[in-house]
Amino acid sequence: MAATTAAAMLTCEICREDVMLEEDMRTHLLLSHVETNMHCPLCPLSGVSYDELCFHISSAHPEEPHRAQDPAVSASTSGCSAGTNAAVTESKKPRMPQSCTAGDSCVTRDSLRPEHNSAPGGGGSSTGEAASVTPTLTTRSPKTRRELVRHRDEDRDGVKAVHREAKQTRLTPPGEEEEFSCPMCGLVCSSGFILQGHVELHLQERPAAEGEKRFECPMCSVVCSDSFSLQEHVELHLDHEAAVNSAGSPGSDLKLARELQREEEHRRRLEETQQEGEEFKKLQRQFGLDGSGGYSRQTERAMERAVARGLMAPGEFHCKRAEMMESLASGVDDGTTRTQGVVRALYEYYQTECKDHVHVWLCAATDHYCSSAGDRGWGCGYRNLQMLLSSLHTIEPYASLLQENAAPSIPRVQSMIEEAWRAGLDPHGASHFNRRLQGTRAWIGATEIYSLLTSLGISARIIDFHKPTGPADTHPRLFEWVKQYFLSGGSTRLPPRLIRTSLPPLYLQHQGHSRSIVGLEQRRNGSLCLLLLDPSSSASDTRKLLSVDTAAPALRRVRRFPGSLKHKQYQVVSVHGVMSAEEKQISISKSRILCAERIP
């Protein structure tokens, strides 16, 4: 391919198009007559650029190493011998390449370069100065142009050879054998000059590509042509994720449910632990195990409050405190809450006022002990034990077993129970109190009464009425058992209307309180009524039983009918004689697993 010069214009020898500059002619030849005709020599691929063709051959036809290395190798069979590149002169002006042996039908990049402006007849330039400064394309004869066109149309491999030469043949420095790779597509060139021309082609294509807006998917590497396509593509991602989540929802729901269940169980355990702790503290306060002091400390606090309110003079406070300390040291109750002669007063009352009763049974003489300021709220068990011991003092052979001639004080009762525990009685019950009662406000019940009596050698029983046996949660079996107890202390013949037995009172325990049974009434209609002494009754109210004028109304507080006893469970402690040393030891060994007699 050659071009002619006319008024500084360059004319394409193929299509006769005129251009101004040699760079424009070079671009024209490359785009119009070389790249438009590129196709793969190994497959039907066509209409691609030279770089794309090289990449296609190297990747799609690796089994053809010779052709893959040079897409224009087939052009060598078109009758054109390869031209040789000459060395660059010192002025770096390229010289003309050697002519082709096939009648100038082979066109190389050197022939396309405007290095010399030759006349049609092969003459020199119009002016020597212009020939050396202004490069022009070499000219060809019309015959040569027709042969070139025919060659391009008839032999496509020759076109590939032309393209190959046009793209890759550059003037290279002598002896340069280093390989140069393209930073934009990875193509390896044999020289830096060839690489420069190759990169220029990339730069020519880049402005058009950079002008296009890219719509890249934020979730993958897909590039869409417009925003609408990108939106549809992203929605496919979202629909897929929703489907995956929906398919995995049963497992997720189960995992979430288990996690919520674990959290709920953990929260419930914490609440239960906290509630148990609060209830335990409440029970400790209720049963006097919170370390707030015992009988003596509570008595002192009550007197201090009386002094603060002006109800007690300071001098009286010190006198009472000294008396209390002396009583505690002796171990005997000071008697300030004691009321004597209660059973005798009841006997005298029933002798004259017993019209509606068929039978009345009374126990042996018993003193009433009410609560004081030092044991109010927790001392009922101790006070009922004092009532029982006051009766045993009057009955032989129990009186000989008691160490004191009078009822012991509450701190002394606590000490006696601790001694019974140390002897081996009721170890399970002792563990509830940590084997310590002195100095506390701990409540005691039927098992502690039983342990103390057994330690004294007194035979006792615990009868457990563990559930109601009558209508409306009543306990008629309890009343019948009490009747049989009092009948056991009389003669076998028909009892008289008023019977005063030598039996000690019965200790009656229910949840939160305890009382002493000192008698039983049987009405004409067959109903039974218990006579109870309650430690919560004040000494003044109890003394009303001693007067004939006030005995009748005071007796209403002593009577208890079946409808009045509606607690779920009741326990009764009864005394049935004395024990020998051997029997006492057997009772101690059996008390390790203390069991009450259950009725029914």
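How do the residues of the lining of the largest cavity divide into nonpolar, polar and charged? This is a predicted model, where local features need pLDDT of at least 70 and side-chain atom pairs count only at pLDDT 80 or more, while totals for chains, interfaces and linings use all residues. Residues are numbered from 1 along each chain as its sequence is written, and side-chain values use heavy atoms, with hydrogens and water left out.

**View 1. Let's look into the largest cavity, with a volume of about 110 Å³.** A cavity here is a set of points on a 1 Å grid over the protein atoms alone where a 1.4 Å probe fits but cannot get out, and lining residues have an atom within 4 Å of a point. The lining splits into 5 nonpolar, 3 polar and 3 charged residues. Among them are His368, Asp534, Thr542 and Arg557. Strand β15 (528-533) and helix α19 (539-543) each give at least two of the lining residues.

**View 2. Here's His198, sitting in helix α8 (residues 192-210).** His198 counts as buried because its relative accessibility is 5%, and buried means under 20% relative accessible area with a 1.4 Å probe, protein chains only. Leaving aside residues up to four places away in sequence, His198 touches Asp51, Cys182, Cys185 and Leu187; contact means heavy atoms within 4.5 Å.

**View 3. Now for helix α11 (residues 295-308) packing with helix α12 (residues 314-330).** Their axes lie 11 Å apart, at an angle of about 170°. That makes α11 roughly antiparallel to α12, a label for angles over 145 degrees. Residues making the contact include Tyr295 and Met303 of α11, plus Phe317 and Leu328 of α12.

Technical notes. 1 Å grid on protein atoms, 1.4 Å probe; cavity = no way out; pocket = protein on both sides within 12 Å on 5 of 7 lines; lining within 4 Å. Points joined across faces, edges and corners; volume = space filled by probe spheres on them. Helix = DSSP H or I, 4+ residues; strand = E, 2+ residues; numbered from the N terminus. Nonpolar A, V, L, I, M, F, W, Y, C, P; charged D, E, K, R; others polar. Buried < 20%, exposed > 50% of the residue type's maximum accessible area, 1.4 Å probe, protein only. Axes fitted to C-alpha atoms, helices over the stretch in contact; angles between N-to-C directions. Parallel < 35°, antiparallel > 145°, perpendicular 65-115°, else oblique.
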